[in-house]
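Me: Please take a close look at the aromatic pairs in this model. Which rings pair up, and how are they placed?

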Amino acid sequence: MTSQTGAAPTRTAREFPFSRRGFLRDSACGLGAIALARLFVDDGLLAAAPSPLQPRDPHFAPTARNVIFLFQAGGPSQLDLLDPKPSMRQWDGRALPPSMAGDLELAFIRPDARIWASPRRFRRHGHSGTAFSDLLPHTARRADDICVVRSMTTDQINHHTGQLMMACGTPFVGHPSMGAWVTYGLGSESKDLPGFVVLNSGSGADAGSGIWSSGFLPSSYQGVPFRGTGDPVLYLSNPDGYSRASQRARLDALGDLNRMHRELSGDPEVDARIASYELAFRMQMAAPELLDFSGETRATLDAYGVEDEATSQFGRSCLLARRLVERGVRFVQIVHASWDHHAELEKGIEKESLATDKPSAALLADLRQRGLLDTTLVVWGGEFGRTPMVEDRTPSRQASRGRDHHRLAFSVWLAGGGIRSGQVVGRTDDLGLRVDEDPVDVNDLQATILHCLGLDHKRLTFRHQGRDFRLTDVRGNVMRNLLA
């Protein structure tokens with residue numbers, strides 16, 4: 001853009017934070033001092049600026065130090081996986097009576113749609129006798145490690161808002177996710193990897209990056225998506241001919257400039273930027289080793305199904321989750337989609353169960369064998385469940401049948417990290433339509449997860465737009481009956 005005279009517009013010195021001449025004058029000794037300061041920090045003779053992810057004390061003694069959230073995006077059918085309803089068979093094919101439908105809110109079908117009894121076979125497993133579907137044979141073998149919650153509820157009926165609600169405690173875009181809140185509250189024990197790592201499997205979640213966002217928290221707490229092959233993060237490796245020493249010198253100079261800008265602007269996000277650059281530098285050494293499975297035994301690789309086409313993607317993510325926790329990463333979120341079976345449910349749920357059942361069970365067994373399950377909380381579940389009524393978009397084809405979204409009753413399971421294992425919490429009615437006993441709201445689940453980490457969900461707050469926000473917003477109760 002030019003002025004009316006055609007000449008380039010001029011600027012006064014006040015418009016620039018500093019001039020080139022002033023920068024060269026003020027940094028005449030500064031650039032050398034930067035290098036000297038780096039040597040002092042490395043030798044422990046000078047304290048570095050505190051990292052936003054440095055470990056912090058919890059509010060009280062925790063039972064868990066890490067979380068692995070196996071987020072099953074799309075809404076798995078609890079009636080075909082975790083909540084057996086043999087009495088549904090006598091209702092099969094009949095319309096839901098108006099007395100039961102009431103003001104039932106559904107996404108795509110009418111409340112008086114026909115009941116569809118699950119075709120799956122359920123059997124009790126372990127000393128606990130917890131019933132699992134025949135779609136989950138590997139998970140069923142870990143029955144005594146697992147607490148199944150059959151009485152989950154949410155107030156969200158669609159995927160985008162439901163996923164935000166499960167991950168962020170609110171259906172609104174722009175709020176921090178659970179992993180961001182946890183790393184904000186506790187920091188991370190890993191110096192060379194992010195405190196919050198995201199691994200994707202399947203077709204992707206509707207809410208996208210919103211379910212690992214840092215929202216209005218500083219961006220240091222945002223989830224970092226890792227890839228399962230190649231560079232864990234795109235462009236992490238240096239280009240050919242670019243040495244680590246030259247990169248270190250460049251980062252030191254850039255950090256000095258950023259700190260000068262921080263003093264002038266007062267913007268705390270500059271600190272997050274500096275921390276991000278430094279973490280990326282350290283990750284260049286740590287990340288390739290993380291993805292190197294050559295040290296894993298053949299038995300471990302087979303257990304996770306790493307080399308089996310059906311289980312490879314989710315299996316690699318579960319194995320990486322264990323390796324991340326071993327290296328001190330605070331919160332790992334595996335997002336697997338999609339369980340959204342409005343049609344061809346039998347075919348779709350068999351595919352997703354095959355992909356996730358074996359690796360999920362292997363993760364629990366591996367954590368147990370390594371002594372990590374007691375301090376690692378594993379959570380499995382989606383944003384809501386599915387209806388006991390059929391969604392039949394092609395009535396002429398029985399195989400086309402599916403189930404609609406259902407927010408009033410669904411199931412999740414938890415293991416490790418202070419959870420009382422080998423039990424079932426909550427009960428739904430004979431059709432799995434509504435919760436009859438021990439309802440657990442999404443915010444209750446989040447409050448309980450934070451409690452296991454030693455965090456009081458009412459005290460973990462951040463001031464934004466004039467008020468204190470928290471993960472559970474204005475609701476949430478710790479569910480003591482889930483705890484050991």
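Reply: The structure, a predicted model, holds 10 aromatic pairs. Two of them are described here.

Start with tyrosine 184 and phenylalanine 462. Their ring centres lie 5.7 Å apart. Their planes stand at 80 degrees, so the pair is edge-to-face; the cut-off for that class is over 60 degrees. This pair links distant parts of the chain. Tyrosine 184 sits in helix 6 (residues 178–186). Phenylalanine 462 sits in strand 16 (residues 461–464).

Buried would need a value under 20%.

Now take phenylalanine 196 and phenylalanine 331. They too form an edge-to-face pair. The distance is 5.3 Å centre to centre, with 80 degrees between the planes. This pair also links distant parts of the chain. Phenylalanine 196 belongs to strand 5 (residues 196–202), and phenylalanine 331 belongs to strand 7 (residues 331–337). The separation is 135 residues. Both phenylalanine 196 and phenylalanine 331 are buried.

Back to the pair of tyrosine 184 and phenylalanine 462. Both residues are members of one aromatic cluster.

Key:
Residues are numbered from 1 along each chain as its sequence is written. This is a predicted model: local features need pLDDT of at least 70, side-chain atom pairs count only at pLDDT 80 or more; totals for chains, interfaces and linings use all residues. Side-chain values use heavy atoms; hydrogens and water are left out. Rings of Phe, Tyr and Trp (its six-membered ring) pair if their centres lie within 6.5 Å; planes under 30 degrees apart count as stacked, over 60 as edge-to-face and the rest as tilted. Helices (H or I, at least four residues) and strands (E, at least two) are DSSP runs, numbered from the N terminus. Buried means under 20% relative accessible area, exposed over 50%, partly exposed in between (1.4 Å probe, protein chains only).
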